[in-house]
Amino acid sequence: IDIKQLDMALNIWVRDTQSEETLKHAEEEEEAELELEPEEGEGLDDSPGNAEERFFEQAIKGLNLSAARALYGDSAAYLPILRSFVVHTPALLEKMPPLIEGALPDYAVMVHGLKGSCSTICAPETAEMARDLETAAKGGNVDFVRAHHGALEKAVLALVEELAGRLGAREREPAAGAGESRSAPDQALLERLAAAAGEYKTGEIEAILKELEQFRYEDGEDLVRWLREQADNFEYGEMQRRLKKYPAGEDLSGQ
C-alpha cells in the first residue's frame, strides 16, 4: 500500500462526508503544523521530533530507509510499524509449520504473511527470500524450502534484533523531567489520547505517549505501560475503550 496515495484517496472520497466542525478542526491542525515547520535553510534542531526525523539518516542493514521515507513520509508513521514488526515477527516464525511436503500449503500461507511484513517495513532482501520460498512451497518444492528456510529465519531474526536495539535505545534517551514522580497520569493527556486513538491518529498517539512516559506514577504506571503495548500493536480501539473507563477508577492494568 502506498500510504500517500491512500491518504489522497481517502481525502477525496471521505472529506465530503465529514461535518463542518470536523473539517474546521482538521484545517486548524494543518495550519498549526505549517507554523511549526522550519523556514527554508534553518536546518534541524535537537527537539524530539527532529531527532526522530534523523532516524532516516541512519544505515540499518536490511532496510531501505529512502524507500520508507518516500512511502510513509515521516518517522511518526514508520516507527510504530517497525515496533510492531519487532513484537510480532518472532512469534510468527515460531508458528511456522514443519518443513514437510504435507505442510507446504500451510507454510506457503505463513511465509506469505512474512513476505508482506518485510515489504511493509521496506526490507527488500528478506521480502524477496520469503517470496522465493512461497513460490517453492506453492509448487511443492519441499527440497528448496528445507534448503533456504533457515537463511530466511536467520536474516529476519537479525533484523528484529537490530531494530529492537535501535528502537530501544531511542526510547531510553532521557527527556526533560524524565524520572520525576507524579501521583497519576495527566487526565487531559489521557483524554487527548482517547480522542486520537478513536481517530487513528498514529503520530499524535505517539507524541502523547512520549509525554506520558516522561514521568513515573504512583497510581497508573501499569496503565501507561499497557497503553504503549497497545499502541505498538495498533490496538487503538482497545486503548480508547480502556481510557473511557479509566476516570471511573477501574483496574489500571488494562485487563
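**Notebook: salt bridges and a helix crossing**

I began with Arg131, which forms a salt bridge with Glu128, the closest N and O atoms being 2.6 Å apart. For a salt bridge I required a side-chain nitrogen of Lys or Arg within 4 Å of a carboxyl oxygen of Asp or Glu. This is a predicted model, so I kept local features at pLDDT of at least 70 and side-chain atom pairs only at pLDDT 80 or more, while totals for chains, interfaces and linings use all residues. Residues are numbered from 1 along each chain as its sequence is written, and side-chain values use heavy atoms, leaving out hydrogens and water.

Arg131 and Glu128 sit three residues apart in helix α7, so about one helical turn separates them; helices here are DSSP runs (H or I, at least four residues), numbered from the N terminus. I looked up accessibility next (buried is under 20% relative accessible area, exposed over 50%, partly exposed in between; 1.4 Å probe, protein chains only). Arg131 is partly exposed at 33%, and Glu128 is partly exposed at 39%.

Then I turned to Glu134, which pairs with Lys115 at 2.8 Å between the closest N and O atoms. This pair links distant parts of the chain, with Glu134 in helix α7 (residues 124-138) and Lys115 in helix α6 (residues 104-120), 19 residues apart. Glu134 is buried at 5% relative accessibility, and Lys115 is buried at 15%.

Glu134 also meets Lys138 in a salt bridge (2.9 Å, N to O). Lys138 is exposed, at 62%. I noted one network as well, in which shared partners join Arg83, Glu206, Glu213 and Arg228. My count came to 11 salt bridges.

How values were computed:
Helix = DSSP H or I, 4+ residues; strand = E, 2+ residues; numbered from the N terminus.
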